[in-house]
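The following exercises concern the structure shown below. Each task is followed by a solution in steps.

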Amino acid sequence: MSAVIENHHDDHHHGPAKGITRWLYTTNHKDIGTLYLWFSFAMFLIGGAMAMVIRAELFQPGMQIVEPEFYNQMITLHGLIMIFGGVMPAFVGLANWLVPMMIGAPDMALPRMNNLSFWILPFAFFILLSSLFMEGGAPNFGWTFYAPLSTTYAPPSVTFFIFSVHIMGASSIMGSINVVVTIMNMRAPGVDLMKMPLFVWSWLITAYLLIAVMPVLAGAVTMMLMDIHFGTSFFNAAGGGDPVLFQHIFWFFGHPEVYIMILPAFGIVSHIIETFSRKQLFGYSSMVWAMLSIAILSFVVWAHHMFTVGLPLAAEIFFMWATMLIAVPTGVKVFNWVATMFRGSLTFETPMLFAISFVVLFTIGGLSGLMLAIVPADFQYHDTYFVVAHFHYVLVPGAIFSIMAAVYYWIPKWCGNMYDERLGKLHFWLSFIGVNVTFFPQHFIGLAGMPRRYPDYSLIFADWNMVSSVGAFLFGFSQLLFLFIVIKTVMGGKKATDQVWEGAKGLEWTVASPAPYHTFSTPPKVD
Amino acid sequence: MKKGAKKTLIKLVVAVPLMFAFGFALVPLYDVFCEVTGINGKVFQSEYSEDLITDDGRTIAIQFISTNNENMPWTFKPSEQVMKIETGKYHGATFYVKNTTNRKMTAQAVPSVAPSNAAAHLKKLECFCFEQQELMPGEEALLPVKLLVSNELPSNIKNIILSYTIFDITDYNDEVLAHHQMAAE
């Protein structure tokens, strides 16, 4: 091609392709980010509908609405869909949209792999959801799929579940490789590692965690597959295997996984609190080191999920202390956020409301986690609703609130329109009240001894369960308002300025709103 | 693609199968770890030693538990549920077993000791769990175990539970059984 034509080409190659093929063939990080975000929203609503079934059944004691077998399928799919379909793809979507813009890169480093890593996801969840209509029903062994429940006693659809986990893993691994290669190699000159925005840092660490543990999860489900179909006995005591081995392997993946779901939230919240406090973030480098320490510690605490399997005392004490140690870097982060807000000129736009409630409610979830880390106490709390309350506090007002905060915060940059602030605040307050009414009482019924994963319960737990269900319906249906707000913002609204927020800092706010299809084709100048 | 990016990419792509392999490596590592530390309540056959026999032992209770693995129809129970024994002395106990089916079956019992820190101090000179049991239809037997609890048992332990789970291994091939026997010993 001659130089003249190339120039001509460059000048006019701007907009996206038209029609459905734009989305199928796209290698643009913004398009793929949008796809991820909408996909995770759809999964959030499906997983949420399952949560509504669960809470409807638990509204009153006794069997009301669904069969116990179906209830078990609901709790299993709810967990799997929310984790692998809701939270994780949402963070990957945010990474796609934001990481290149934050580091001044024109796109992700591996755009075609980016397309592939998204487009295999819908198939994974199609396979998983289709198991609902198979003979024997969907997986019913809980999202942790402990063997032998998930091997010897599993419904036939478990094989489809295994393949869908393989696909989800492949997608996550590809997404993570992409993020790491992008961050390590495509930063604009001047964006040093210790000058990177915290969301980028949080994703760099998350991506390494994913690359380390998703293959281990793939190994665990492969062993299940071999036990079920090829006559091996990894987890079968009758053949010399050990079911407890499954738990060790699963939680070696599972514990880093919970930090995978919270580290990007730490990054998001740091940006939002900094912006709406109109101050520089307090303790940037301690934030980075705290995230790194949390990530490293996450590999040596897995057995705290297994205190009751009969670990030797020395192991229980080790895992108890290692777990408690995580409270230190986490505390550093919480205090840094508080210190950032201290004497700032705060305003309380919707993203800030979500971010502040993240700090408060995530800390509550962290403290109940600390209680669960105490070995003798955990023998009492294990597999009760206290555990359910704990991990929902860190995941719903933790991870999910941070995602909502991120959507409100960056949506003006994505589509050029401001969201409706009044409706946003309404959505926040309904969600905030709904979440607390749902999950706070679960601490009480858990401490009183109500076990998790049963469709029925003793009469003494009736009142708090009803309160919890009312809260769940409130929270669940408020999310339709969120959907409405997002659609309304995409369709139109007050035009956003380039900087959008008065206190916003960072490269993504230097480009036009909405962000042009191609940004930073030439690297920006950063001091 | 830039050269640096390619290098990062290759490193990460290599890391993925390595971590996948590590997941499988956890299986033997886990066994090795249990063996080295003696945790998990597994009792390892120890060398017979005269030093273990002493006269200044104390009395403790040993409780026997028998469990049938799923689909194992045999009757399997200890002759005595609880025995008072002296540490530092050999004691014998028996388990009653009967093949209640009308076919020839092979069984294997797998022991477990609780509390787990007692496991290292429970020595078995002889145990039916060291071998397989083959019983004809309707046949019954008394399976012996001869054991000694060493004097070094931590003084806070006053009760030991020795539990056996009996498995139907009639249909297992030799390879699986070999692995199984290794785990049992």
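α3(A) and α4(A) are roughly antiparallel to each other, where angles under 35 degrees count as roughly parallel, over 145 as roughly antiparallel, 65 to 115 as roughly perpendicular and the rest as oblique. The model is predicted, so that local features need pLDDT of at least 70 and side-chain atom pairs count only at pLDDT 80 or more, while totals for chains, interfaces and linings use all residues. Residues are numbered from 1 along each chain as its sequence is written, and chains are lettered from A and ligands numbered from 1 in the order in which they are written.

**Exercise 1. Describe the packing of α3(A) against α4(A).**

Step 1. Take the angle, which is about 155 degrees, and the separation of the axes, which is 7 Å. Axes are lines fitted to C-alpha atoms, for helices over the stretch in contact, and angles run from 0 to 180 degrees between N-to-C directions.

Step 2. Assign the hand: α3(A) and α4(A) cross in the left-handed sense. A crossing is left-handed if the near helix is turned anticlockwise from the far one by less than a right angle, and right-handed if clockwise.

Step 3. Classify the residues of this helix contact: 22 are nonpolar, 9 polar and 2 charged. Here Ala, Val, Leu, Ile, Met, Phe, Trp, Tyr, Cys and Pro count as nonpolar, Asp, Glu, Lys and Arg as charged, and the others, Gly among them, as polar.

**Exercise 2. Into which domains is chain A divided, and how many residues does each give to the contact?**

Step 1. Chain A consists of domain 1 (29-252) and domain 2 (262-518), with bounds from an automatic or database domain assignment.

Step 2. The centres of these two domains of chain A, taken over C-alpha atoms, are separated by 19 Å.

Step 3. Domain 1 of chain A contributes 42 residues to the contact and domain 2 of chain A contributes 47 residues. Two residues are in contact if their C-beta atoms, placed from the backbone, lie within 7 Å.

Step 4. On the side of domain 1 of chain A that touches domain 2 of chain A, at least two residues each come from α3 (29-57), α4 (68-103), α8 (198-229) and α9 (243-260) of chain A. The most come from α4(A), with 11 residues.

Step 5. By class, that side of domain 1 of chain A has 31 nonpolar, 8 polar and 3 charged residues.

**Exercise 3. Characterise the side of chain A that touches chain B.**

Step 1. The contact involves 26 residues of chain A and 28 residues of chain B.

Step 2. α7 (158-185), α8 and α9 of chain A supply at least two residues each to this side of chain A. α8(A) gives the most, with 7 residues.

Step 3. The side of chain A that touches chain B comprises 19 nonpolar and 7 polar residues, with no charged residues.

**Exercise 4. In what order do the strands of the two open sheets of chain B lie, and which strands stand at the edges?**

Step 1. One open sheet has 5 strands in the order β3-β1-β9-β5-β7 (chain B), with mixed pairing. Two strands pair if DSSP finds at least two bridges between them.

Step 2. β3 (82-86) and β7 (133-135) of chain B each have a single partner strand, so one side of each is left without a neighbour in the sheet. The average twist from one strand to the next is 30 degrees.

Step 3. The open sheet of 4 strands has the order β2-β4-β8-β6 (chain B), and its pairing is antiparallel. Its edges are β2 and β6 of chain B, each with a single partner strand, so one side of each lacks a neighbour in the sheet. Here the twist averages 25 degrees from one strand to the next.

Step 4. Within this sheet, 4 bridges join β2 (residues 75-78) of chain B to β4 (residues 90-98) of chain B, and Pro78(B) stands opposite Phe95(B). Between β4(B) and β8 (residues 140-149) of chain B there are 9 bridges, with Thr94(B) partnered by Pro144(B) and Gly92(B) by Lys146(B).

**Exercise 5. Where are the cis peptide bonds from Ala147(A) to Pro148(A) and from Ala114(B) to Pro115(B) located?**

Step 1. The bond from Ala147(A) to Pro148(A) is cis, with omega near 5 degrees. Pro148(A) lies in the loop between α6 (121-130) and α7 of chain A.

Step 2. Phe145(A) is also found in the loop between α6 and α7 of chain A, and has a positive phi of about 30 degrees although it is not a glycine.

Step 3. The bond from Ala114(B) to Pro115(B) is cis, with omega near -10 degrees. Pro115(B) lies in the loop between β5 and β6 (122-127) of chain B.
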